[in-house]
Amino acid sequence: MFTGIVEELGEVTAVEQLADASRFRLRGPLVTEGAKHGDSIAVNGVCLTVVDTGDGEFTADVMAETLKRSSLGALAPGSRVNLERPMALGGRLGGHLVQGHVDGTGTIVERTPSEHWEVVKVSLPPELTRYVVEKGSITVDGVSLTVVEAAADYFTISLIPTTLALTTLGHKQPGDPVNLEVDVIAKYVERMLGDRAGREPR
């Protein structure tokens with residue numbers, strides 16, 4: 001479980017294409033401190049399992065299903081990535097509950113800068129529309145954010161200087177893909193209400 005508070009801006013150092021997967025080597029001295037085989041690290045909001053670590057880098061295997069459902073397949077050596085270690089039980093929950101299980105991908109539509117923040121418009125897949133509400137939480141490339149405007153096919157977020165400086169969202173341009181994870185609580189509520197009404201959830 002994660003919080004969507006990015007700890008480190010890392011970098012892809014190598015990508016190995018396998019038969020039905022990819023092996024990524026990523027640099028992140030902070031998140032690899034104390035990390036070992038089998039640990040989890042979120043990369044742009046995708047929970048990956050550490051295969052090995054060394055010299056401030058770690059390796060993770062990304063299966064075909066993850067490549068299909070996320071934007072990780074577009075990463076190449078030199079790509080910057082948002083990195084976060086799992087939350088520690090008993091610690092502060094700075095963002096919201098994030099599983100690292102991507103629900104879909106969106107695209108940066110436009111950016112509108114202002115003096116102290118920047119409003120970013122992101123396209124929204126139709127199957128996720130019902131989970132995104134004004135003032136609700138959403139994770140974009142692993143960053144926990146508050147929805148400003150929620151429409152049928154897009155939503156907007158406001159990025160403060162810290163988010164612009166310390167995450168990949170400060171560098172994304174219109175047309176760039178992003179990973180989206182909606183609030184898991186909304187999905188559970190939908191499922192339970194559907195079961196109670198005797199119908200399958202959408």
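Me: Let's start with one residue. Which residues does Gly-56 touch, leaving out those up to four places away in sequence?

Reply: A contact here means heavy atoms within 4.5 Å. In this predicted model, Gly-56 touches Leu-26, Arg-27, Gly-28, Pro-29 and Thr-32, once residues up to four places away in sequence are set aside.

Me: Is Gly-56 buried or exposed?

Reply: The cut-off matters for this one: buried means under 20% relative accessible area. Gly-56 has 18%, so it counts as buried.

Me: How far is Gly-56 from Leu-72, in sequence and in space?

Reply: They are 16 residues apart in sequence, and their C-alpha atoms are 21 Å apart.

Me: Now a strand residue. Where does Thr-139 sit, and is Thr-139 buried or exposed?

Reply: Thr-139 belongs to strand β9, which covers residues 137-140. Its relative accessible area is 1%, so by the under-20% rule it is buried.

Me: What does Thr-139 touch?

Reply: Leaving out residues up to four places away in sequence, the partners are His-96, Val-98, Ser-144, Asn-179, Leu-180 and Glu-181.

Me: Let's zoom out. How many helices and strands does the protein have?

Reply: There are three helices and 12 strands. As for overall packing, the radius of gyration is 17 Å, close to the 17 Å from the globule rule for 202 residues, so the protein is as compact as a globular protein of that length. Along the principal axes, the C-alpha atoms fill a box of roughly 50 × 45 × 40 Å.

Me: Which residues does UniProt list for the Lumazine-binding domain?

Reply: The unreviewed UniProt entry places "domain: Lumazine-binding" at residues 1-96 and 97-193. Over residues 97-193, the chain is 16% helix and 41% strand, and the end C-alpha atoms are 21 Å apart.

Conventions: Residues numbered from 1 in each chain as written. Predicted model: local features only at pLDDT ≥ 70, side-chain atom pairs only at ≥ 80, totals over all residues. Heavy atoms only, no water. UniProt positions renumbered as here; feature names shortened; annotations may be inferred. Helix = DSSP H or I, 4+ residues; strand = E, 2+ residues; numbered from the N terminus. Rg over C-alpha atoms; globule rule 2.2 N^0.38 Å. Buried < 20%, exposed > 50% of the residue type's maximum accessible area, 1.4 Å probe, protein only.
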